[in-house]
Amino acid sequence: MSHKSIQPVATESIVVSFLLTKAKEIGRWGLTPLQVNKLAFILHGWTLGLLERPLFDNSPKRIQAWRYGPVVVGIYHTLKPFGNNLVTIDHIKTRYQYGKGDPSKYEDVISVDIEEFMQKDEDATGHLDWVYNIYSDLDGGQLINYTHRKGGPWDQCRARGFEVLGLRGEKHIPDDVIYPYYKEYIQKNFYS
């Protein structure tokens with residue numbers, strides 16, 4: 001199944017805003033950049049597997065297989081200045097307000113109207129809520145372990161070699177690798 005022509009549900013900025021807003025709603029002090037990144041990847045996989053739509057654009061170099069698992073590169077660069085510290089929407093607003101880092105990256109995150117997004121596509125956003133609730137209690141190490149599962153997209157691309165997949169050493173994890181894994185995972189674990 002090719003997902004290149006299907007309109008994504010959201011953008012990376014919307015996903016960051018969604019995750020940080022959900023964390024705040026349930027009383028968390030925030031999420032680490034690593035948690036945001038791994039949760040974004042998991043939500044993307046579930047959106048492909050369950051709705052057969054990409055969560056966000058995954059053109060080449062957008063999702064890559066790095067040492068500690070799959071990385072959504074744009075989200076990584078947006079949140080990199082926070083290091084291993086917890087991030088909240090308020091932290092991002094403060095960095096934007098005082099011109100720390102690349103303000104355009106922060107502006108995209110803080111300008112999102114999450115309520116409007118949630119109402120725009122209630123099937124997709126209901127699914128995002130549900131999946132977030134499944135994985136939101138996992139810490140960074142647990143999320144790394146989850147995204148490193150044998151046979152998972154990261155494992156297929158990194159551990160087994162990109163050449164096997166015809167990707168000639170590139171780090172990109174394409175939706176054509178993510179989709180079948182999550183489709184099967186969802187069927188086996190939630191609909192059997």
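1. In this predicted model, ring pairs join Phe41, Trp46, Trp130, Tyr135, Tyr146, Tyr181, Tyr182, Tyr185 and Phe190 into a cluster. Across the whole structure, the search finds 15 aromatic pairs.

2. One of these is Phe41 with Tyr182, an edge-to-face pair with 6.3 Å centre to centre and 70° between the planes. Phe41 belongs to helix 2 (residues 33-51) and Tyr182 to helix 10 (residues 175-190), so the pair links distant parts of the chain, 141 residues apart. Phe41 is buried, at a relative accessible area of 1%, and Tyr182 is buried with a relative accessible area of 1%.

3. Trp46 and Tyr185 also form an edge-to-face pair, 6.4 Å centre to centre with 85° between the planes. Trp46 lies in helix 2 and Tyr185 in helix 10, so this pair ties together parts 139 residues apart in sequence. Trp46 is buried, with a relative accessible area of 0%. Tyr185, at 14% relative accessibility, counts as buried because the cut-off is under 20%.

4. Helix 1 (residues 12-25) packs against helix 4 (residues 89-97) at an angle of about 125°, and their axes are 9 Å apart. That angle makes helix 1 oblique to helix 4. Helix 1 contributes Val16, Ser17, Leu20, Thr21 and Lys24 to the contact, and helix 4 contributes Ile89, Asp90 and Ile92. By type, the residues of this contact are four nonpolar, two polar and two charged.

5. A charge also sits over a ring: the charged end of Arg95 is 5.2 Å from the centre of the Phe82 ring.

Note on methods:
Residues are numbered from 1 along each chain as its sequence is written. This is a predicted model: local features need pLDDT of at least 70, side-chain atom pairs count only at pLDDT 80 or more; totals for chains, interfaces and linings use all residues. Side-chain values use heavy atoms; hydrogens and water are left out. Axes are lines fitted to C-alpha atoms, for helices over the stretch in contact, and angles run from 0 to 180 degrees between N-to-C directions. Helices (H or I, at least four residues) and strands (E, at least two) are DSSP runs, numbered from the N terminus. Angles under 35 degrees count as roughly parallel, over 145 as roughly antiparallel, 65 to 115 as roughly perpendicular and the rest as oblique. Contact means heavy atoms within 4.5 Å. Ala, Val, Leu, Ile, Met, Phe, Trp, Tyr, Cys and Pro count as nonpolar, Asp, Glu, Lys and Arg as charged, and the others, Gly among them, as polar. Rings of Phe, Tyr and Trp (its six-membered ring) pair if their centres lie within 6.5 Å; planes under 30 degrees apart count as stacked, over 60 as edge-to-face and the rest as tilted. Buried means under 20% relative accessible area, exposed over 50%, partly exposed in between (1.4 Å probe, protein chains only). A charge sits over a ring if NZ of Lys or CZ of Arg is within 6 Å of the ring centre and within 35 degrees of the ring normal.
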